[in-house]
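Please look at the sequence and the structure before reading on.

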Amino acid sequence: RSSPRRMVHARGFRCVSGASVGYAKPQAAARQGVPARGRSRGKSGSGVSWVATKRPHVLEEVGRSGLGPKPSGNSPSRDVSRKCGIIGIYKTQGLASFELYEGLLMLQHRGQDSAGMVTTDWSRFVEKKENGLVKDVFHSKTVMDKLPGNVGIGHVRYPTAGTASALEAQPFFVNSPLGIFLIHNGNITNTESLRDRLQGSKSFFNRCLRTDSDSEVLLNVWADAIHRAHQEYLLKHGIGQAGKNVDLQKQIVTKIVFEAGKELMQKVKGAYSCIALVKGVGLVGFRDPNGIRPLVLGKRRTKVDGVEKDEYILASEDCAFGPIGYDRVRDVNPGEMVIINEDGELISSMCADK
């Protein structure tokens, strides 16, 4: 191999109060983006315990990231140690923001350029994103308390296509259709042709793209496909021009989103795992037909008024699951889209052939 490997490990701390995860106390290794999980031991305190989480040895390939020398000769430079981290959480009650923060710390090794988060109670969405590490962007409990809602998504980024501008920190947002926040891990290979299509007459709308990011292109391709699928549904069922203002049932809107996912996967080439919040639909996750980028589904059981209900998590890696009490269920399949709707029901559909 042209690039050497080395072993790294570190320790991290997280604050646990009672049964809920509190605001995490980051440490030097987390600032450097070292992955975390493993056994833990606690230190007693007054009402709050600081848990030291021993992080296992992790093999990393070393390339342009600065951890080792560049490949010599004419061989292409290959930076496989850099990638984005994505996470989405659906809770039945309580704030999702603190668990998203904890999960992002566990994924910090996947990107150190920027961090972002969006949370919602489905009536409004609140966004916070900046350049910097997770502990710098979400630097206080005051900041975290301004992110209400029981559902949310979070992202740590390295630049894929575009620049390191704070404008390109994720999530990205489109207001129409429905209102979609999206986070993306991967690299789209036909970005320019898609961009030309979106900004030309072949698009449902001549869309305005604000950045050079391939993630924004992917989001707008999906949004354009949802518009197209919506129009096809209206025509198919004989709903005229005036019918555009009718409220479609949530099951129908979900079906439209799945249909748009099929169009997206036909048009977009490259590697992508995505998580999105779609107003009126739910928490959505999908993966490219070749399964190049990882996306994992997790679950835990909780009681609400004495009734057991499921809570869900989607993430790049299951190392984010354990510290916040989720169990791994399975990988999201290549070409699959999963939706956890606003009522907490898990629905899935294959949008591309294997």
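In this predicted model, Asp145 and Lys141 lie four residues apart in helix α4 (residues 141-145), which means that about one helical turn separates them. Their side chains meet in a salt bridge, with 3.0 Å from N to O. Asp145 is partly exposed, at a relative accessible area of 39%. Lys141 is also partly exposed, and its value is 48%.

The next pair links distant parts of the chain: Arg228 belongs to helix α6 (residues 214-236) and Glu263 to helix α7 (residues 250-267), 35 residues apart. Between Arg228 and Glu263 there is a salt bridge whose closest N and O atoms are 3.1 Å apart. Is Glu263 buried or partly exposed? Glu263 has a relative accessibility of 17%, and buried means under 20%, so Glu263 counts as buried.

A further salt bridge joins the side chains of Arg301 and Glu308, at 3.1 Å from N to O. Arg301 has a relative accessible area of 49% and is partly exposed. Glu308, with 44% relative accessibility, counts as partly exposed too. Elsewhere, salt bridges that share partners join Lys91, Glu99, Arg300 and Glu311 into one network.

Why can such pairs form? Side chains of opposite charge can pair when their charged atoms come close. In the whole structure, a search finds 20 salt bridges, among them the one between Asp145 and Lys141 and the one between Arg228 and Glu263.

Notes:
Residues are numbered from 1 along each chain as its sequence is written. This is a predicted model: local features need pLDDT of at least 70, side-chain atom pairs count only at pLDDT 80 or more; totals for chains, interfaces and linings use all residues. Side-chain values use heavy atoms; hydrogens and water are left out. A salt bridge is a side-chain nitrogen of Lys or Arg within 4 Å of a carboxyl oxygen of Asp or Glu. Helices (H or I, at least four residues) and strands (E, at least two) are DSSP runs, numbered from the N terminus. Buried means under 20% relative accessible area, exposed over 50%, partly exposed in between (1.4 Å probe, protein chains only).
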